[in-house]
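Please open the model in your viewer and keep the selection panel at hand.

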Amino acid sequence: MDRPGVREFSAETWAGPEAARLAELHAAAIEDHAVALIIARRWAEAIAELKAHVSMNPLRDRAWAC
């Protein structure tokens, strides 16, 4: 049985808050990963990841701080 995708429910009223929650978790995970890359001294990878992340989320303070 295939699980339905998120887009299938985009018109549903309950999907908005859930989509926002998942987007926040995803953004935080990207930032956590970038911090781990910095700690591991894998700066080029961290910069590339953060550059893409900041371009999609320019108002996230934590991404800029990294």
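In this predicted model, begin by selecting Glu24, Glu31, Asp32, Arg60 and Arg62 and showing their side chains, for these five residues are linked in a network of salt bridges. Counted over the model, the salt bridges come to six.

Next, centre the view on arginine 60, which is found in the loop between α2 and α3. Arginine 60 forms a salt bridge with glutamate 24, and the closest N and O atoms of this pair are 2.8 Å apart. The pair links distant parts of the chain, since arginine 60 lies in the loop between α2 (43-56) and α3 (61-65) while glutamate 24 lies in helix α1, 36 residues apart. Glutamate 24 itself, with 41% relative accessibility, counts as partly exposed. If you now display the surroundings of arginine 60, leaving aside residues up to four places away in sequence, you will find that it touches Glu24, Ala27, Ala28, Glu31 and His53.

Stay with arginine 60 and follow its side chain to that of glutamate 31, with which it makes a polar contact of 2.6 Å.

Then select glutamate 31, which is found in helix α1. Is glutamate 31 buried or exposed? Its relative accessible area is 1%, and because buried means under 20% relative accessible area, glutamate 31 counts as buried. With residues up to four places away in sequence again left out, glutamate 31 touches His53, Arg60, Arg62, Ala63 and Cys66.

From glutamate 31, move on to arginine 62, its partner in a salt bridge whose closest N and O atoms are 3.6 Å apart. This pair, too, links distant parts of the chain, with arginine 62 in helix α3 and glutamate 31 in helix α1, 31 residues apart. Arginine 62 is partly exposed at 36% relative accessibility, whereas glutamate 31 is buried.

For a salt bridge of another kind of placement, select arginine 21 together with glutamate 18, where the closest N and O atoms are 2.7 Å apart. Both residues lie in helix α1 (residues 15-39), and they are three residues apart, about one turn of the helix. Arginine 21 is partly exposed, with a relative accessible area of 42%, and glutamate 18 likewise counts as partly exposed at 30% relative accessibility.

How far apart are the end C-alpha atoms of α1? They are 36 Å apart, which agrees with the span of 36 Å that its 25 residues should have at 1.5 Å a residue.

With α1 still selected, colour Ala15, Ala27, Ile30, Glu31, Ala34 and Leu37, which are buried.

Finally, step past the end of the helix to arginine 41, which follows α1 and whose phi is positive, near 60°.

Key
Residues are numbered from 1 along each chain as its sequence is written. This is a predicted model: local features need pLDDT of at least 70, side-chain atom pairs count only at pLDDT 80 or more; totals for chains, interfaces and linings use all residues. Side-chain values use heavy atoms; hydrogens and water are left out. A salt bridge is a side-chain nitrogen of Lys or Arg within 4 Å of a carboxyl oxygen of Asp or Glu. Helices (H or I, at least four residues) and strands (E, at least two) are DSSP runs, numbered from the N terminus. Buried means under 20% relative accessible area, exposed over 50%, partly exposed in between (1.4 Å probe, protein chains only). Contact means heavy atoms within 4.5 Å. The expected span of a helix is 1.5 Å times one less than its number of residues. A polar contact is a pair of N or O atoms within 3.5 Å; within protein, one must be able to donate a hydrogen and the other to accept it, and residues adjacent in sequence count only if both atoms are side-chain atoms.
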